[in-house]
Amino acid sequence: MILLRPSAAADVAALKGRRVIAAMVCVQLAAALGYYAVMAHLVTHLRDDVGLLAGTIALVLGLRVAVQYGLFLPFGWLVDRIGPGLAGSAACVLRVAAFTLLGLADGLGGFVTGAVLLAVGGALFHPAAQSLLAALPDRARPGGFGTYVVAGQVAAVAGPPVGLMLLSGGFVLVASASAAAWAVSAVLFWLLRRLGGARPEGPRLLPGVAEVLRDRAFLRFAVVTAPGTLLAGQVVSVVPLTVGDAALITVFFCTVAVATAGVQPLVARRATRPWVMRAGMLCFAAGYLLLAAVPAAPGVLVAAAVLNGLGNGLTTPAAFQTIVRYAPEGRIGVYNGLYAFMSGLAAFFAGLAVGQLFDAGAVPAALLGLAALGALSAAATPGGPRCRARASARSAG
């Protein structure tokens with residue numbers, strides 16, 4: 001056995017960490033670019049080209065969300081068992097199949113199958129990516145995750161216009177390009193499968209979930225901060241329904257992405273501090289208050305977009321870093337899975353309530369309710385956990 005000097009071992013760990021970060025940024029750019037290029041134009045394709053009714057389209061898209069969030073918990077446990085590299089590669093292959101099918105399908109059955117494949121792939125992809133990032137050395141992890149978030153926001157802005165350019169060749173071309181991008185991500189994950197560390201033998205699914213459920217401090221954190229997913233996601237439907245101007249809507253979402261990316265360098269190394277999550281929730285609350293007060297004024301809309309972007313940019317790394325500190329060695333996936341599952345439940349049921357209020361014409365009440373939820377979450381956010389002891393291999397990267 002060759003023993004390395006401490007400084008040499010640290011250099012090797014740092015190099016390994018930089019390779020993981022570089023690979024995960026490329027994974028995020030390719031995958032998110034392919035995803036947003038298709039999803040920005042999928043509804044139009046289903047309505048105009050395939051001839052599906054609006055209710056059927058909503059059912060298909062809602063099925064994808066429900067299946068994905070429902071699978072986060074068991075798949076988070078699965079990532080811990082088989083390793084994030086292999087799990088991520090499998091996730092990307094599933095999404096290659098999903099986007100290929102969405103491009104070729106001409107009936108409801110094909111689109112439903114494609115939506116389910118998208119959901120299954122997404123439920124594996126996110127815990128796999130976050131598990132790889134969580135395994136980075138402590139010093140590299142905050143900056144690595146921040147760079148990963150920025151890459152996703154860049155792709156969120158670039159994806160729709162890229163899809164629009166490809167749309168001149170038909171929706172099949174857009175879907176094929178997306179499938180190719182996810183294939184690149186699959187290869188990168190496969191190359192990373194040896195860098196996720198040896199997977200410790202852990203409990204089976206039900207005992208593993210029970211172990212997390214017994215962690216009362218983590219459960220409290222998950223319950224209190226779960227509305228963050230709802231507050232970040234509701235603008236996708238709330239703003240188009242409230243504003244109605246395509247140009248303003250585009251400006252809004254581009255501003256959200258820029259604000260989310262822009263705050264990362266400032267918050268990356270402070271994300272475990274409770275004030276970061278609280279400030280993010282308050283930003284969400286203030287953004288919805290502005291939308292409730294003067295929704296159609298351009299200046300107010302931009303301000304609300306900045307607040308929503310700051311809320312997303314603060315709460316996303318805060319949740320990730322806090323989960324890493326709560327989770328014992330080898331349990332990042334199942335902890336992430338439970339958090340995502342609870343966030344999905346909150347987003348689903350509260351989203352239904354918001355939709356009902358919009359249908360009833362009570363738009364201000366819906367927006368004020370979202371603002372109140374953000375403020376309550378901020379007030380109830382607990383203090384940060386103490387960092388649990390981890391194996392020396394984890395600290396070395």
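**Buried, exposed and in between**

Guide: Glutamine 153 touches Ala257, Thr260, Ala261 and Asn312, leaving out residues up to four places away in sequence. This glutamine lies in helix H5, residues 141-166. Note that the model is predicted.

Visitor: Why does glutamine 153 count as buried?

Guide: Its relative accessibility is 16%. Buried means under 20%. Glutamine 153 therefore counts as buried.

Visitor: What about cysteine 283: buried or exposed?

Guide: Cysteine 283 has 15% relative accessibility. The cut-off is under 20%, so cysteine 283 counts as buried.

Visitor: Why is cysteine 26 called partly exposed?

Guide: Cysteine 26 comes out at 40% relative accessibility. Buried needs under 20%, and exposed needs over 50%. The value lies in between, so cysteine 26 counts as partly exposed.

Visitor: Which residues touch the most other members of the largest nonpolar core?

Guide: Met24, Phe99, Phe125, Phe189 and Phe218, out of 102 residues in that core. Helix H1, residues 6-49, gives the most to this core, with twelve residues.

Visitor: What is phenylalanine 218 in contact with?

Guide: Val212, Ile323, Tyr326, Tyr335, Leu338 and Tyr339, neighbours within four places in sequence aside. Contact here means heavy atoms within 4.5 Å.

Visitor: Which residues make the nonpolar surface patch?

Guide: Ile82, Leu86, Val187, Trp190 and Leu191 make a patch of about 460 Å². Helix H6, residues 171-191, gives the most, with three residues. Valine 187 lies in helix H6.

Terms used:
Residues are numbered from 1 along each chain as its sequence is written. This is a predicted model: local features need pLDDT of at least 70, side-chain atom pairs count only at pLDDT 80 or more; totals for chains, interfaces and linings use all residues. Side-chain values use heavy atoms; hydrogens and water are left out. A nonpolar core is a set of buried Ala, Val, Leu, Ile, Met, Phe, Trp, Tyr and Cys residues joined through side-chain atoms within 4.5 Å. Buried means under 20% relative accessible area, exposed over 50%, partly exposed in between (1.4 Å probe, protein chains only). Helices (H or I, at least four residues) and strands (E, at least two) are DSSP runs, numbered from the N terminus. Patches are made of residues with over 30% relative accessible area and no salt bridge: like charges are joined within 9 Å, nonpolar side chains (Val, Leu, Ile, Met, Phe, Trp, Tyr) within 5 Å. Accessible areas come from the Shrake-Rupley method with a 1.4 Å probe; for residues, only the protein chains shown count as cover. A salt bridge is a side-chain nitrogen of Lys or Arg within 4 Å of a carboxyl oxygen of Asp or Glu.
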